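Please look at the model below and read the short report that follows. Keep the sequence at hand as you go.

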Protein chains: 4
Amino acid sequence: MQFNEQKSIYLQIADYICDKILDGTWPDGQRIPSIRDMAVQLEVNPNTVTRTYTMLLDEGTLQNKRGIGYFTGDDARRMVLEKRRNQFVEQDLPALFKTMVTLDIGVGQVGELYMKYLEEQNHEDK
Amino acid sequence: MQFNEQKSIYLQIADYICDKILDGTWPDGQRIPSIRDMAVQLEVNPNTVTRTYTMLLDEGTLQNKRGIGYFTGDDARRMVLEKRRNQFVEQDLPALFKTMVTLDIGVGQVGELYMKYLEEQNHEDK
Amino acid sequence: MQFNEQKSIYLQIADYICDKILDGTWPDGQRIPSIRDMAVQLEVNPNTVTRTYTMLLDEGTLQNKRGIGYFTGDDARRMVLEKRRNQFVEQDLPALFKTMVTLDIGVGQVGELYMKYLEEQNHEDK
Amino acid sequence: MQFNEQKSIYLQIADYICDKILDGTWPDGQRIPSIRDMAVQLEVNPNTVTRTYTMLLDEGTLQNKRGIGYFTGDDARRMVLEKRRNQFVEQDLPALFKTMVTLDIGVGQVGELYMKYLEEQNHEDK
DNA sequence: GTGGTCTAGACCACC
DNA sequence: GTGGTCTAGACCACA
């Protein structure tokens, strides 16, 4: 996996896991790869994965059954969705709007770029 | 000046300077406060300001006359504008779009929130 | 390590590292000493080494794996060679030539001095 | 006048003056511009010119007649020539030779570049 | 363990 | 006065 340089790796792993939960790859209560497997797969240090799992455990996004492994939480999908929605509306959007004002970029232009984006995604999926 | 905890101080100072350049407070080629003055004004260590100035010097946003002081670059405003625009179009927007798709939020809703944002700004300015 | 007084220490450390890369001591992609180790070894402050490493990182001569350490770049040797060659051909030689003209010293004399230099080096190596 | 960023301005002014002495523009004992005039002409701070003049005064390259002005020394040309020759043979050349060895550049290549250099100079002079 | 950042304070060359 | 460099020491996030 390719990691962004501007964000901690353990947080990027958390995003990766939440993506899987959101898109249905890992339904609520599903077992997820062990720390060791995940570390091998993502080519990172096991300590880094541990850090991610611990954080998501504290949030309730993951649960741990001793000696068996890690599982998604029983209400994981809803929680992730809500967390992201809050983050989006309260943090990301205001910052974005501020930039739009500074750069004098209107909603119209953003809308056009969005259409272009959706098109590109479609092409890639095919 | 109040600094955000999530971003390095020296980067926030850089943003602060670029804001000044963008809004016309410091036109192209204008002298800006000396390292010491800026440090006193922002209540940070001179070394931290030095770091910011050096970075912006390397970028070309600032220039430097020995023994005299730092000045905004001869083409500073355009450079900052372009830098921010690129950042917005190539980094911020794609991230936004990805989130919109994941959270199933449409352009319409974002547009409404934008209107609300502009309104709030208006109230604050009054 | 002994440092020259006429040049900044951090630049001399950079030269030192580039020498190691050029002579094959540190092949491309090789891990180099940590900032702390290098600082102890060269008897300078870690901040000074940090400054060197950061500069070479920006150039691409070094690369960096978070939490692990610094490494020579994947194409470090070629880059250093080219950088030095450019410096030589575009800066050093023209300055030399200008002086030769001013002082009315011909290629022949320089050639003789070069031979003498090579001889001396030979004696020292033995 | 355009100044190099890597060398102090006052030293570059000294070089400029020595060049004038060497090429005969200012013969031995000739009056040279006042500090104020030189500063205006070179677009630098008078203090900087003062520093240059003082240094050259100490060396004997310049002399000062109180209330009248600055003059080249009575033996200025020979002194400058000797100073430069020593600098060249004892400092510049060895450094250059070392680089040549490192970069594996031979006398032959340098000779060719020298011919090219002389040619370019000829074109520029015409 | 690693690097990244920040502070405090000092000295220097330079304009 | 200006910036450039260096030291000392500290704290933090990260792997």
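## The interface of chain B and chain A

In this predicted model, one salt bridge is found across the interface of chain B and chain A. A salt bridge here is a side-chain nitrogen of Lys or Arg within 4 Å of a carboxyl oxygen of Asp or Glu. The side chains of K98(B) and D19(A) form a salt bridge, at 3.6 Å from N to O.

Which parts of chain B touch chain A? Helices α4 (76-103) and α5 (107-125) of chain B each supply at least two residues of that side. The largest share, 15 residues, comes from α4(B). Helices are DSSP runs (H or I, at least four residues), and strands are too (E, at least two); both are numbered from the N terminus. By class, the side of chain B that touches chain A has 17 nonpolar, two polar and four charged residues. Ala, Val, Leu, Ile, Met, Phe, Trp, Tyr, Cys and Pro count as nonpolar; Asp, Glu, Lys and Arg are charged; the others, Gly among them, are polar.

## Contact and buried area

Chain B gives 23 residues to the contact, and chain A gives 23 residues. Contact means heavy atoms within 4.5 Å. Chain B and chain A bury about 2500 Å² between them, with 82% of it on carbon and sulfur atoms. Buried area is the accessible area (1.4 Å probe) that two parts lose on being put together, summed over both. In chain B, F88(B), L103(B) and Y114(B) lose the most area to chain A. Together they make up 25% of what that side buries.

## How the copies are arranged

Chain B superposes on chain A by a rotation of 177° with 0.5 Å of shift along its axis (RMSD 0.8 Å). The two copies are therefore related as by a two-fold rotation axis. The same surface serves both copies, as 96% of the contact residues of chain B recur in chain A.

Chain B and chain C do not touch, and their nearest C-alpha atoms are 10 Å apart. Chain A and chain D have no contact either; their closest C-alpha atoms lie 33 Å apart.

## Two domains in chain A

Chain A is divided into domain 1 (9-75) and domain 2 (77-125). These bounds come from an automatic or database domain assignment. The domain centres, taken over C-alpha atoms, are 26 Å apart. Ten residues of domain 1 of chain A contact seven residues of domain 2 of chain A. The two domains bury about 910 Å² between them, and carbon and sulfur atoms give 50% of that area.

Three salt bridges cross between these domains. D19(A) and R84(A) meet in a salt bridge through their side chains (3.0 Å, N to O). Helix α1 (residues 9-22) of chain A gives the most to the domain 1 side, with five residues.

## Reading the model

Residues are numbered from 1 along each chain as its sequence is written, and chains are lettered from A and ligands numbered from 1 in the order in which they are written. Local features need pLDDT of at least 70, side-chain atom pairs count only at pLDDT 80 or more, and totals for chains, interfaces and linings use all residues, while side-chain values use heavy atoms, leaving out hydrogens and water.

Methods. Copies are superposed by least squares on the C-alpha atoms of residues with pLDDT of at least 70 in both.
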